[in-house]
Amino acid sequence: MRGYDIIGDIHGCASALRTLLTELGYQRESGAFAHPERQAIFVGDLVDRGSEQLRVLEIVKGMVDVGSAQIVMGNHEFNAIGYATEHPPGSGRHLREHSDKNNRQHRQFLDQLTADQRAYYAQWFMTLPLWLDLGAVRVVHACWHEASMKMVERQLGSNRFGNVDQIVAASARGSELYQAIEVLLKGPEISLTARRIPPFRDKDDHLRGAARIRWWDDEATTLRQIAEIADTFTAADGTPYPRLPDVEVTPAERSYTYTQRIPVLYGHYWRKGTPQYARDWTNHCACVDFSAAKGGKLTAYRWSGESTIQAENYWQSG
């Protein structure tokens, strides 16, 4: 094998996935896409949003089953497990509340799969690793953070869940395991309201008092540099969100920064357009989520042993 093709968040876009795999040189063999010299790696978030949920799952699981692909868990897979898990059994309550907000987020997954299909894939989601360390390259859904990984390994015994009790423990808000999973699957955040900075409305019109941390930027030292605030975010009243103050952040807030020299590929952050240096990739970190379910292009990074990220190794379908 000559390398890995790390593929970004698919979110139910099976047609785009088939196109991308074909463009990358994958062909159907015994019902599954495969490449004679390479292996695909999916960064998670297969489900929700798009119109081809079941077909995405069939393609990806088929590839994983025959060994032509690997995958890490995304926050949408973790959420699907919690949504399907009644706790305590017989209580009618679930680890992920069946609220209007959560029902809307999972609407496509709920509508496009039968109850039996959802249960089947939720069981498969439980088996997915939370990260992959392949020696010379690493893959995680949202953030490579070794302190969180060590916490997970201490409590789970490995980099994946082994039973429902561990899912219950990881869903206990405020616990150390819960916090570790949040960092790995959703990314660390920095509080704005604690600094008396007003909240913002994100891409889904949710009002948020904390911003995601740009953990991939090892040169970020101030709030303006380290907080991930998109140009499309607005203030609570809909006006443009003002620039953050250029004040130093604490060492604890900078502790998530990735400073190692092994490349890390990740998804989750809803980029758009053509990959740009600093925004989408740095020398050793590269995002492959380019908003496939919101008008963007399904994106892959073709890694072939290089020790630093190369812009020409990005591949966008279409």
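How many bridges join strand β1 to β4, and do the two strands run parallel or antiparallel? Five bridges join β1 (residues 3-7) to β4, and the two strands run parallel; strands here are DSSP runs of E of at least two residues, helices are runs of H or I of at least four residues, and both are numbered from the N terminus. Two strands are said to pair if DSSP finds at least two bridges between them. This is a predicted model, in which local features need pLDDT of at least 70 and side-chain atom pairs count only at pLDDT 80 or more, whereas totals for chains, interfaces and linings use all residues. Residues are numbered from 1 along each chain as its sequence is written, and side-chain values use heavy atoms, with hydrogens and water left out.

- Strand β4 (residues 38-42) is mostly covered, since five of its five residues are buried, where buried means under 20% relative accessible area, exposed over 50%, and partly exposed in between, with a 1.4 Å probe and protein chains only.
- Arg38, Ala40 and Phe42 point one way from β4, whereas Gln39 and Ile41 point the other way, and all of them are buried.

**The antiparallel sheet**

- Three strands form an open sheet in the order β8-β11-β12, with antiparallel pairing; its edge strands, β8 (189-191) and β12 (227-228), each pair on one side only.
- Strand β11 (residues 210-213) is joined to β12 by two bridges, and in one pairing Ile213 has Ala227 of β12 as its bridge partner.

- Most residues other than glycine have a negative phi, and most peptide bonds are trans.
- A cis peptide bond, with omega about -10°, joins His87 and Pro88, and Pro88 is found in the loop between α3 (75-84) and α4 (100-105).
- Trp270, in the loop between β14 (264-266) and β15 (285-287), has a positive phi near 50° although it is a residue other than glycine, and Trp270 is buried because its relative accessible area is 15%.
- Ser291 is likewise not a glycine and has a positive phi of about 60°; Ser291 lies in the loop between β15 and β16 (299-303) and, with a relative accessible area of 1%, counts as buried.

**Loop residues and their contacts**

- Gly296 is also placed in the loop between β15 and β16, but Gly296 is partly exposed, with a relative accessible area of 27%.
- Leaving aside residues up to four places away in sequence, Gly296 touches Phe290 and Ser291, where contact means heavy atoms within 4.5 Å.
- Gly296 and Thr274 are 22 residues apart in sequence, and their C-alpha to C-alpha distance is 9.6 Å.
- Thr222, in the loop between β11 and α10 (223-226), counts as buried because its relative accessibility is 6%.
- Residues up to four places away in sequence again not being counted, Thr222 touches Asp246, Val247, Glu248 and Val249.
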